[in-house]
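Please view the sequence and the model together while reading.

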Amino acid sequence: MKTNDVILQTATKVVLFLIVLFSVYIFFAGHYTPGGGFVGGLLTSGAIILLLLAFDMKTVEKILPVNYMYMIAAGLLFAIGTGAGALLFNVPFLTHAFTDVDLPILGHLSLHTAALFDLGVFLVVVGVTMIIIKTIGEDD
Amino acid sequence: MNEIANIIIIVLIILGAFLSLVAAYGVIRLPDVYTRNHAASKSATLGVMSILLGALLFFYVKDGFFNSRVLLGIIFIFMTSPVAGHLIARAAYNSGVELWDKSVQDDLKDAPHMKKAGSKEQS
C-alpha cells in the first residue's frame, strides 16, 4: 500500500529549521546558560532523526552526504587538538585560553578555546547517535 | 498597569491548566481512539500554549526579560502537536482500529487505498 505522507513531510520541512537553529543556539550559549556540546549534539541528531522518520534513508543520505565515522574522528581530533595545543605554549595539557576580540562586522566577541573542545563533543555526540540509529535501522 | 498584567497572566495560566484538565478528562471519558485523540490533541495544545504565553508574559513583566525560547516553544507546539495527533489517528485507522459502535459516518471506508488495505488484512 502506497501511503501519502505529505502532512508529515511538510511539517518536517518547516520544523527542521527550528530544531537546527535551536541546537546551534544551545551549543553556542553553553558557556553562560544551560546547554553546551552534548545537548546541542543530541538536538541536531534529533533533527536528522526527524528527517529519517519523514523520508527514507537513501533520501536523507542524499541530503546529508556525511560519513558519521569521520565525524566522530574529527570530533575526537578537535578535543585532543585543543588539549595538545596547550603543550605548544609551555603550559599543562588542556589549559584553555580566553580573549576578547572586537571584529568590524561581528562586534565584541568572547573567544574561548573551550568552545572548540565543545565542538569536538558536539561532533562526537552527533556521530555516535546517528551511527547507532542508522545501524539499527539498516538491517531489514 | 502591573495589576492588569498580573490578572492577564493569572487568567492565562489558570485557563491553560483548566484546558489540560479537560484534555485529561476527555481521554478518560470518550469512547474510542479517534474521539480521545481529538480531545487530547486539541485541548492540550491550547492549554500548553496558554501556560507558556502566561510564563512569557510573567517574566517580561517581572524582570523585563523577553524569553524568545518560550515564544519559539509556543510556535513549535502549535505546529507539531496537530501533526502528531493526525499521525496517531491515521496509524490507528490504518491498523484497523474500530470506530465507536454508535458512530454513523466513515468516509474513509470507500477510499480506494483503504479498500486495498482492508482486503490485505482479511486475506
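How many residues has helix α1 of chain B, and how far does the helix reach from its first C-alpha to its last? Helix α1 of chain B (residues 2-29) has 28 residues and reaches 40 Å, close to the 40 Å expected at 1.5 Å a residue.

This is a predicted model, in which local features need pLDDT of at least 70, side-chain atom pairs count only at pLDDT 80 or more, and totals for chains, interfaces and linings use all residues. Residues are numbered from 1 along each chain as its sequence is written, chains are lettered from A and ligands numbered from 1 in the order in which they are written, and side-chain values use heavy atoms, with hydrogens and water left out.

**Helix α1 of chain B**
- Helices (H or I, at least four residues) and strands (E, at least two) are DSSP runs, numbered from the N terminus; the expected span of a helix is 1.5 Å times one less than its number of residues.
- The buried residues of α1(B) are B:A5, B:I9, B:L12, B:G16, B:L19, B:A23 and B:G26 (buried: under 20% relative accessible area, 1.4 Å probe, protein chains only).
- Their cover includes α2 (33-63) of chain B (contact: heavy atoms within 4.5 Å).

**Nonpolar core**
- The largest nonpolar core has 21 residues, of which A:I48, A:V60, A:Y68, A:V126 and A:M130 touch the most other members (a core is a set of buried Ala, Val, Leu, Ile, Met, Phe, Trp, Tyr and Cys residues joined through side-chain atoms within 4.5 Å).
- The largest share of this core, six residues, comes from α5(A).

**Strands of chain A**
- Strands β1 (residues 98-103) and β2 (residues 107-112) of chain A run antiparallel and are joined by six bridges (pairing requires at least two DSSP bridges).
- A hairpin of three residues connects β1(A) to β2(A).

Notes. Buried < 20%, exposed > 50% of the residue type's maximum accessible area, 1.4 Å probe, protein only.
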